[in-house]
Structure formats: structure tokens, C-alpha cells
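Here is a short briefing on charged side-chain pairs. Look at the sequence and the 3D structure first.

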Amino acid sequence: MAEHARECSYSNGARLRPRRPSCQATCPGAAARCRRSRAPQPAGGGGSARSAAAEVQAPPREASGAALRCCGTMVQLYNLHPFGSQRVVPCKQEPAHFCCGQDVLFVASTAASCRVEVFAVRDQGRCEPLGSFATLGPVLRMAHSSAGDYLVTIEEKSKATFLRAYTNWRCMSAGSSRVCVRMVGHKMEESYSETLKEQMSVVEMPLSDPPLCISCCPINGDLLVGCKNKLVIFCLKYLVINQNLTVLDFERSLILHIDNLIPAEVAFCARHIAITTELDVLILKLELVQQSADRTEQCAQGVSAPEKTVDGGVKDESPSTHTLQLELDEFIICQKPVELLGEESKLCEIPITLESTELPTEDTKCFQVRYLLFRRFTPDQSPFGFCEETKLHSVQLLPVYQTGSSLTAYEETENKRELLSLFCFFSLPHVGYLYSIGKVVEVISTYQYSEKSEQAVLTPQFLHVITSENLQCFTVRCSAAAARDEDPYIDTTVKACPPVTLDVCTLRMQLFIGPRAICHFKNHIILLTKADTEDITERRRPTRRMLSRKADSIKSRTNSESEPGWNLYIINTVSTIQLYREMVDYSRTYENIKTESCIHLLSEAHLLIRAAIMDPHFPKSDEKEELLRAFRESCAFLGDCYSRFDTKDYHLALPYYRMSGLSMTEVLKRLVSEGDEIQTYEKGLIFYLTHSLNEDLNEELSKESGNKILQIFYLADPVQLPHILCSPCMRNVCPLTAVKYLQKVEKMMPSVVLTLTKAFLALKMGDLIMYEHEMDTYKETMLACGFTGQPQLLRQRKGGIFMPTEFAVHLKEMQPGLLVAATVALHENSKIELEEADTFFKMLCSNSENTVPQLLVDFWEALLVVCSQEEILQELLLRVTSQYVWRISKKQLPETKPLKTTEDLINSCNHFGLIFPWVTSIMSTGCSSDKDYHEDISRLQV
């Protein structure tokens, strides 16, 4: 009807769109994509649960990567092999749900059996049955907590749902079949201590509302339960029965009342809570607040949440609105998409009230809610499928732990790990989002899928996504973000890391028939597949009945009679080192054709290694040394790329080479061809060499390496030749060869620094005639200023100490005035500090620490003339006065003639005044032997 084609807008931002029978109307231009995404799956491949272990048959790797276009975005696809062999889990019944924990796999069977099978996961994915235990009814949800080693389930019986936790379940492997069922908080008597050791304990946690979803905190084992309009937190407790027995229990500690919210999934980690509905995502953090008596009472009693009207809701049910309601039934109500980050997320208008259910004590903790993120999606954003199919799934919080302390002292207790970064992932059918929710809340990656996704699981190294026909492996940026959280100064000339904004890529798209569910465990992926048995020709028609059925959950599918063709696989991912080697080998195909692709793939390899090193178990890993070698090697490869390629990020060559531990000699051997005189050198190599030579490294290059560097700079950046020749690393360079290069540069770009450098080399060669010729080229004032352009002409670092050069020693003997003037210029240009100048002159004159040479006094007096900083002036006046008094009192004469007389100082500086008459009278009547001290007495009048 015509009225059904109109669009209605409301003041609250909601939109009404007419229901459409196909995706062509909803998403123009998406019809072909929709049909392609629902193409029939290949037949075969879905064997029975009793199939033998098989290897994943991977198609041969292509010579180059491919690019997939998804929703207008180019996604790089590298045909690598992150998946190794696969094995079939020997389940007796068709799995409905499964989860992993520590070294075991829990599999809940379909409705008929009401049992959970437990398998021990061994090396190479081998599964050994540990036993099974009965549940109250079919399992709707299940999760395992590493902290406490317990399994929690939501079970259904007689149309009622129950929340149960299974503790001490490992006693089954010892052959015990005893089970103790108790209510949460039930007091256990001392007499039960012996029996509790040998039996599984089931803790039932009654709730006023049916539980819908659950999540366990991986850090402390606390349990979060999602119910309609509220979330309930159960704290994990360790009850000490006696010195030989500790029993797990739970205490309902906090309830979060959230109006008009029905959670579909929740995630819980370190007091961070992520909640998703069909189209909304809300991330919260529970923060501790200062405790007081009034606050404790308020936390204990709680406050009722204010009533809010649901957007688009109609409260008036009068007959005048009945017609409108019938008309609205023909529309889909869509909210406008919203993204609110950080403090702005408070504007989401979702009120939350905290109700503490703990008994108020001195140790009672009070919390307040901080909103971190709110995001609302609209079905119109998805270019595939019906609006009703656009639903969020796979919400997950991923913690990354501090590695600084764990590298030296690994903590056996995982609860003692210090949280470094936290990431949140959630996904729509065709796009996934990864957020960092640590110090700053921001999206770090967006994942475009080539077809509709069913489920996804995030790990520190990868994102694994299952679609109707594929298991896809994407790269992630968690390690890059966590590295910057751990070291805010990582992006410097000393350290570097690939950027968080680096485009993600697909490492593999592995074909499977009918993937339905997935979870991750160490280096294993657990995958449930089930082949459809309906007629292929019928599946080719994207009827509404079929699409609605495919959007149903696994539970609804397994309610019917079990069908053949299902399998539960354990897929072993290859080792980090093996995949790293493959990525490095693959990158070589891009070295000469695609610069950015080579850097991108090597960056992925580097982040892969970095993520493995940041794993808490890394200090005890068998691959520790190999991973550290691979890390240094990956840094060297990235340094090679930024040195060889013409890229805007050429400056990254320096920090990557430094992290690699390679010396300049080793870098030169990697990059410079022997005997190649016409080789071109990119900015990255020049940047690396310039900084390495000028930053006082202790490495002394050989004569051959030094001459090669002269050639490189003469061809690429001749202006830098005088500066690099003054580096301590170039001590062994041939002076004659260096002079020849400088003479060529002087014809094009003469400078004072170049002339001084030639004079410096002439002294090394012992050619005093050449030295005098170069020093006579400019006036002494110009030469003094020229030393500010290269202070290493006068002093160089040796073993962490600045030592005078041969040039400075020669100036001391032949031109002390120029040496003092040059040092004053260095001080005034902030190239040398006052204390450093004191040490320099004392070492130059071979004086002890307590003896002040006359050349240093000359420097102080010269600095008094030009210095304008009051603080330094007062220090200089104190020093020269003390020296004058000391020499007069000790009758100590200066070892060299002062450069300036008293009259020179009075005429050039107002710090030296006219001599008082009484001083002149005293000096005239003194004995002749005191005439040598008259000069110091005159200088005292400052």
C-alpha cells in the first residue's frame, strides 16, 4: 500500500520503515551479494563423531596476496597457514554447547541426554575422556572459570531455568561418582570435610528472574549473571574448612538494575562489564568509592531505578491509539545509530542503580558505575540479509597483563597478575569491532567479513570468525595497543612498534561445511560443524522461512531430533615461530614489487612475536629464547625495509635496528653491496647512520666500514660529511681519504665547520702546513663560532666520559685564546654546561680535581664578559673571587700567563670596577716580592 512506503520520523530519533519482503528494498544494490552469501554449501565433509583424526587440507599458497572487497573496503588476504592438524572429539552425543578451561574441554549434549562430557586436551589436540556428569536439564549456556576451576551452567527443566556451578569436578577422573548438591551460602560442617575431598559439589544459585546469560571474570573468578532488567554479581569465596580442605562458594554481592534492558550476552573482567542486546552495546566499569557510614548504608539498601519510557513505546492504550498500533505493526522501528565514548556515554539515557546485597561490614566495598561506551546500531547498516537478521553476537573482554615484572619473577598464582590493557570485541553479521577500553576508550580495528558471520572468538594474536562455509583468521592489534600502554615512550628513536592503526588482514579462509560454534583454548580451536541435509535446490531459493530458520540459535536447531553429519573438531594452530617463519618467507615475494605489502606483512610477523612475548606464561615457555631471537630478527627485517624502501616512515629504521641489537658494521653488511659504486641509498639508511654516528656510540668502525660510510654520505648527503667525521665511531677512518672527500664537497658547499674538520684531519696526519693553511682561511671569531656547529671537534665521549681531542690539545698550546673563545661560544649556545667546561679544562691541563688551572680562570673571566644569566653570573663571580683569594693567601702564581690583564677586564666588563686608592697605596708600599700578586689584588675589586 502507498501508506506503507512512507517514512515516519519522531522527535526521539526513532524511524519507522515499512517491512520489506527482501533485502533488495532494504539495501539497494545488495541483492547479488545477498544471494551470493547464501549459496549452497559443498556436500560432504561432515562426518560422524567417530571419524579418525585428519589433517586440514589447505589449498596451495599463491605467489602473492589477494584483496577481498567487503562492503566497499579492501581487505588484504594472505594465504598463510595458521591452522595445523585437526582431530575429532569423541563425543557420544551431539554437542549443544561447549567451552574450554585450563586443560579440559566441556561438552554439553543435546536435550535428550542432559549430560556434560569432560575431555582432557593433550599435546597435538589429543582428547582423552575424563568422564561425564548429569545435569538437571538441557544446558542453555555454560562457561568455565580458570580462577577457582569451576563450571557454571544455565539449565532448563520443566520450563524453568536454573543457575548451577560445578566445583571439584576433577574427582571424576579418579573414579569417584559422589555428588553433593547444596545451595549457595550453605554452611558446611566440619564433619563433612573428608567426604568433600572426594566428591563433586554442585552449588545452586536461586534467582528471582530467569538467568539469560553468564560470564566469569578470568582474574578473580567472580560470576556475572544477566537477567531481564538487571545484572547480578556473585563473588567467588574460598571457605577454609580445615588446614587440609578449602571449598569454593559464592556470595551474591551486587545487583545492577537496568531499566528496559534484556541482555543477549554479557562479558565480565576486572570489574568491567560489557552488555549486548540485539543492536545495542553498553560497557561499564564498577569503581570503588570512598567508604563512609552513610555510603555503606546507601550501598546496602539500594535505590530504585527511575522509570523510563522505552523509545518508541506507546503507553496510552485508548481506542484512539489502537488504530495507530495496528498500523505500526506493519513497520520496523529503527533507532538512529549512535556511538558515545568515554564521558559522553553517560548521555545514553540508560539509568543504572546499584543494590548491594552483602551484609554491611567494615570491609564492605562500595561501588559506583562509570560509563565507558555505548553504541547503537541500526539494521539499515547491514548490506546483507533482512533487517531482522542484524543482531550483535560474540561480545568478549580480552585482558592483557603486565609483562615488566613477570619477565624476571613469574608468579605461579594467576590471580596476582597485574592487568595492563583491556579490549572489547563484538560483532554484527558482516562487520566486527575491536575497542580498547583502558586509559582511553577508542575503536582500534574494524573487521569486514566476506560473508555473514555466525560467531567469533578473540585471542591476543588472532580473531577467528566462522561463517556458513569458512573458518577465517584475522590479525589483531591488541599487542600494539598494549605495548604502548606498557611503555608510553615506545615511539621514539630508541624503540618502536607497528601502529595500532595498521590495517588488519586475513591470514586464512579455511573451508568447512556448516560451522556452527567456536571457542579457543591455548593453541587449539574447538569447532562444531553440522552439514545441512535439506535439498540443495530448495536452499538456493532465499525464502523467508529458510532465512529465519538459519538465524535461529544452536539450541533451537538441536531441539529437534539429532541429525547425522555433525562433528566437533579440535584444530591445532601452528606454533608462533612456525607461522612467523612462513610470514617472513612470504614477505620476500613483495621485496621488489610492493613495498607497503612487504612492510605490512613483516609488521604482522613482528606483532605476532610481540603478542607471544606478552603472554603471562612466556617466562616458562620452551620457546622463550627462540621467541626473543625471532623478536630481534623481526626488528632487523623491519629496519631493512625502512632503510631500503622509499617510504614516508623511513625514520623507523633507527629504532628497529636498535631493538635488533645489530651493530653498524652488521647493518652495513646487510644493506650495502660489495664493490657497488653506483648504488643509491634511501633516506632510512642515512637517517640511521646519522643518528648512530652522532649519538656517542662506543662502537669503533673498521677502516673499511668507515670508508664505506664516507662514500655513502658523499653520494647521498654530502653536507653531513664534516659532522660524521667527528664521530668517535670514525676514529679509524683513513684521514687522507676523508680529506679528498671534503675537498670535493668544499668546492660545492664551503663552510667553517668543513674547514675546521680539514684542519682536524691535518693534525691527525701531522701536516702542520695544511693545518695552518686551513686555520688562516677564516678570522678567529668565525672559527670560534664554527666550533658550535660541531662540538666534537674539541671533545669526544670515550667510555662514558668526555675527553679533549687532539685538536683541543693543540689549541691549548698554540692558540689558547681561540680555545677559550670557542668554549665560551659552546656555553652560550647550550652545547656545554658550566660544570662540564670545568672538567674539560682540568682534564686538558692535566690538573687534579681540586686544582684550578689558569686556562679555566681565563674561561670564567671571558664568560663574565658575555653571560647574561644572573644565576650563572653570581656563580662565576664567586668562583673567580675565591680563586683570587686562594692564590693571594697561598702565594700561588698562575701556571700560565693570564689571557687578559686587569685593564682589559675593566674596559670590557662592568663587573670589574676602578681600583680603590687605598688598594693602590698598599700595593705601592709593599715589598718588591709581592709585586707578582698585585694583579690578583686588583682583580678582587669586583
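**D585 and R588**
- R588 is partly exposed, with a relative accessible area of 41% (buried means under 20%, exposed over 50%, partly exposed in between, using a 1.4 Å probe and protein chains only).
- D585 is partly exposed too, at 42%.
- D585 and R588 form a salt bridge, and their closest N and O atoms are 2.8 Å apart (a salt bridge is a side-chain nitrogen of Lys or Arg within 4 Å of a carboxyl oxygen of Asp or Glu).

**Basis of the model**
- The model is predicted: local features need pLDDT of at least 70, side-chain atom pairs count only at pLDDT 80 or more, and totals for chains, interfaces and linings use all residues.
- Residues are numbered from 1 along each chain as its sequence is written, and side-chain values use heavy atoms, leaving out hydrogens and water.

**R658 and E695**
- In the salt bridge between R658 and E695, the closest N and O atoms are 2.4 Å apart.
- This pair links distant parts of the chain, 37 residues apart: R658 sits in helix 13 (residues 653-660), and E695 in the loop between helix 15 (683-694) and helix 16 (703-716) (helices are DSSP runs of H or I with at least four residues, strands are runs of E with at least two, and both are numbered from the N terminus).
- R658 is partly exposed at 27%, and E695 is partly exposed at 32%.

**R375 and E339**
- R375 and E339 meet in a salt bridge of 3.5 Å, N to O.
- R375 lies in strand 26 (residues 367-376) and E339 in strand 24 (residues 338-341), so the pair ties together parts 36 residues apart in sequence.
- R375 is buried at 13%, whereas E339 is partly exposed at 37%.

**Whole structure**
- A search of the whole structure finds 31 salt bridges.
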